[in-house]
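Colleague: Before we discuss the terms used for this model, may I see the sequence and the structure?

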Amino acid sequence: MSMNDDVDAVTPAPQPGALPQFVSPIVPRSTIAGRALVAIVAIMTFLASLTAGAVVLVQSAASDWQSEVAREVTIQVRPVSNRNLDADVARAADIARRFPGVADVRVYSKEESSRLLEPWLGTGLVLEELPVPRLAVVRVATGATPDFGQLGRALAQQVPSAAVDDHRGFVEHMRSMGRAAFMGGLAVLALVLVATVLSVTFATRGAIATNRTVVEVLHLIGAKNTFIAQHFQRRFLGLGLQGGAIGGGSALALFGLIELASGQFLGSAAGEQFAALFGSFSIGYFGYAAVIVMIALIAGVTALASRRTVNRTLETFE
Amino acid sequence: MVRFENVGLRYGLGPEVLRDLSFRIEPHSFQFLTGPSGAGKTSLMRLLFLALRPTRGLITLFGHDIATLGKDAMATLRRRIGVVFQDFRLIDHMTTYENVALPLRVVGAEEESFRDEVVELLQWVGLGERMWALPPVLSGGEKQRAAIARAVIARPQLLLADEPTGNVDPNLGQRLLRLFVELNKSGTSIVIATHDIALMDQYDARRLVLHEGRLHVYE
């Protein structure tokens, strides 16, 4: 097989009286190597887009968990001798309800508190026999940032046995966990991008090698290096965008399908667990932008690799 | 037009394949370059069409010392040289018409300005009916004529042909020689690299004979 046997060129049919025209591109449109390059670019863009989407998803889920936890604080009222626990709980809840920025206060009843302790102490628990504190969950109004230090001081003055837990330690833990997951995702994305750049570069070199005769002939008939490099860069940018659109489009379609499927299963137990972990499973505008960046980046790498390879090939002729 | 002064060429750290070459190619001249296989004909041709630079000595082309020229200037100089390769080197995805028109296309000429000229040349070399055909379906002789047409379309001042009759029958070889003679009469300097004695005997021209890397000129 000769170098260009795989050229998918179409011979214009001879037409009596018709003028010949220069319609063929300088760089052949479709070759086996070109199609293989499109396939490699598509696969690598798909993997890079999936990784980028997953990183966006993890970041978004971690952020949702943090804000969910940060929107609640817990008031704990300890049983103290010579004080009425129920009255203290009611008083603490009343103070919290009147505090600016609080949307709702829900006091856990004795039965609910018993159920919370069941996994550790078993059923049939009689709460009065144990010095178990009572809880009230305070929900923060949307957009409000209450001063929980001031709430704690107000409670300490009027209900000395009450304490406010703003979950700061847990939120910090969540934040560092979310950050670690995000950084890990970025590291994986970086590795995938490096693998993508390398594989696309080598595939581009292979595709250029099949066009070596074209480069050489152009060089020897007096084409300037910039003319040759520009034609190859333009053609390979097209191939890169084609492969990128296939790979990135497939990744977006997959995310869309999963989002659709997660919506379908929302009522089921598995769906609820899924929603608790990943929220709506939507990569959002940022995710879509990340995929578009992947397509542009990989197409750009393909074009630059072709230019560099052509220039290096030209250097071997001189 | 072309001047070689004590030119030597070696590949890497190997021995010199061309030694102390000193000769001139004058405007409107016709010469055969010959010698046994491995004597360095192809290397000398590559020096002439600027695909190689010498390891020593001076080469001037059209009055320019090639050692001082940049890439763009070399490209501009190559446009004044037509080359016919032994293996034709036609571009397979382009029609015969496009292959022949390529040297004009790369210099940015408008198709309207060269179409008639290309068609006329194709008819002159007997490829008027094959201008729509792709190189893979052309015969050896047709490829050779297309390669010659591509080499002369931009009216080069110097035409270099490497074994132009190596792949064709004697009858076609004679026709191609007549074509080169016609081109020479129209003002192009011709260098034909060949070891076909019969071909050289058909036309009385200067002979450059390479032997073991050294050049002997027979006027």
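**Strands, contacts and burial**

Modeller: In this predicted model, strand β4 (residues 56–61) of chain B and β5(B) pair in the antiparallel sense over 2 bridges. Within this pair, Thr60(B) stands opposite Asp65(B) in β5(B).

Colleague: Why are β4 and β5 of chain B said to pair?

Modeller: Pairing requires at least two bridges between the strands. β4(B) and β5(B) have 2 bridges, and therefore they count as a pair.

Colleague: What makes β2 and β5 of chain B edge strands?

Modeller: The open sheet of 4 strands in chain B has the order β2-β1-β4-β5, with antiparallel pairing. β2 (16–25) and β5 (64–65) each pair on one side only, and they are the edge strands.

Colleague: How do you know that chains A and B touch, and how many residues does each give to the contact?

Modeller: Two residues are in contact if their C-beta atoms lie within 7 Å. The contact takes 31 residues from chain B and 25 residues from chain A. In chain B, the elements giving two or more residues to this side are α2 (71–78), α3 (96–106) and α4 (111–124). The largest share, 7 residues, comes from α3(B). By class, the side of chain B that touches chain A has 17 nonpolar, 3 polar and 11 charged residues.

Colleague: What makes a residue of chain A buried, and what percentage of the chain is buried?

Modeller: A residue is buried if 20 or more other C-beta atoms lie within 10 Å of its own. Buried residues make up 30% of the 318 residues in chain A. The secondary structure of chain A comes to 9 helices and 4 strands.

Methods
Residues are numbered from 1 along each chain as its sequence is written. Chains are lettered from A and ligands numbered from 1 in the order in which they are written. This is a predicted model: local features need pLDDT of at least 70, side-chain atom pairs count only at pLDDT 80 or more; totals for chains, interfaces and linings use all residues. Ala, Val, Leu, Ile, Met, Phe, Trp, Tyr, Cys and Pro count as nonpolar, Asp, Glu, Lys and Arg as charged, and the others, Gly among them, as polar. A residue is buried if 20 or more other C-beta atoms lie within 10 Å of its own, exposed if 12 or fewer, and partly exposed in between; C-beta atoms are placed from the backbone.
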